[in-house]
Amino acid sequence: PAAQEQYAKASLIKPGEAYPKTKSQEIDHIKEANVRAAETARKANEEKEYQAILNNADALFKAKSYDEAKAAYSKALAMRPSDPYPTQRVKLVENTQFAEKQKILENQAIKQYKEVILTADQYLDAKELDNSISTGVSMIFDSVISGLGLFAVLAVFVALTADALIS
């Protein structure tokens with residue numbers, strides 16, 4: 001600004017002189033170039049930060065740190081709402097979490113099924129048919145309360161009842 005002020009004063013002293021005006025315009029161009037360079041640097045830093053967040057989110061997802069990965073993808077989405085990648089990855093995280101919870105429930109049902117079958121078989125071997133059937137009924141109520149699928153539990157009950165009736 002100091003140089004430009006001096007050129008402006010010179011133009012006031014000699015209004016017809018081109019040199020101070022040319023130099024003042026040159027300063028304006030330099031300022032504009034500096035603004036553009038600063039904007040380019042800002043965008044480059046923003047892009048670098050965005051990519052770092054995505055890389056971190058991808059690594060968290062790969063490490064099965066799903067809540068942290070979802071938070072990182074959400075941060076990236078807030079930075080760049082028009083980019084579909086973070087949205088897709090958030091959905092993937094949610095679907096993966098749901099599938100893992102379903103797998104845990106399925107494994108619990110299988111474990112519970114095996115335990116009930118073992119108990120029912122023991123009752124059946126001891127010719128305690130009433131206990132083998134009540135074990136199946138008890139399993140249904142316990143399973144429904146714990147959130148297992150009623151259809152799967154009923155299938156187990158039917159199998160238990162059929163085994164008890166055949167023997």
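Colleague: Which residues does Ala-69 touch, not counting residues up to four places away in sequence?

Modeller: In this predicted model, Ala-69 touches Ala-57, Leu-60, Phe-61 and Val-93.

Colleague: And what makes up the largest nonpolar core?

Modeller: That core has 12 residues, among them Ala-69, Ala-57, Phe-61 and Val-93. Helices α2 (18-62), α3 (66-79) and α4 (84-125) are the elements that give two or more residues to this core.

Colleague: How many aromatic pairs are there?

Modeller: The count comes to three. Take Tyr-7 and Tyr-19, whose ring centres are 6.3 Å apart.

Colleague: Why is the pair of Tyr-7 and Tyr-19 called edge-to-face?

Modeller: Their planes stand at 75 degrees, and the name applies to planes over 60 degrees apart when the centres lie within 6.5 Å. Both conditions hold at 6.3 Å and 75 degrees, so the pair is edge-to-face.

Colleague: What does the pair tie together?

Modeller: Tyr-7 belongs to helix α1 (residues 2-13) and Tyr-19 to helix α2, so the pair ties together parts that are 12 residues apart in sequence.

Colleague: Why is Tyr-7 called partly exposed?

Modeller: Buried would need under 20% and exposed over 50%. Tyr-7 has a relative accessible area of 24%, so Tyr-7 falls in between. Tyr-19, with 48%, is partly exposed too.

Colleague: How do you know that Arg-80 lies over the face of Tyr-50?

Modeller: Arg-80 is 3.8 Å from the ring centre, and the distance limit is 6 Å, along with an angle limit of 35 degrees from the ring normal. Arg-89 likewise lies over the face of Phe-61, at 4.9 Å from the ring centre.

Definitions and conventions. Residues are numbered from 1 along each chain as its sequence is written. This is a predicted model: local features need pLDDT of at least 70, side-chain atom pairs count only at pLDDT 80 or more; totals for chains, interfaces and linings use all residues. Side-chain values use heavy atoms; hydrogens and water are left out. A nonpolar core is a set of buried Ala, Val, Leu, Ile, Met, Phe, Trp, Tyr and Cys residues joined through side-chain atoms within 4.5 Å. Buried means under 20% relative accessible area, exposed over 50%, partly exposed in between (1.4 Å probe, protein chains only). Helices (H or I, at least four residues) and strands (E, at least two) are DSSP runs, numbered from the N terminus. Contact means heavy atoms within 4.5 Å. Rings of Phe, Tyr and Trp (its six-membered ring) pair if their centres lie within 6.5 Å; planes under 30 degrees apart count as stacked, over 60 as edge-to-face and the rest as tilted.
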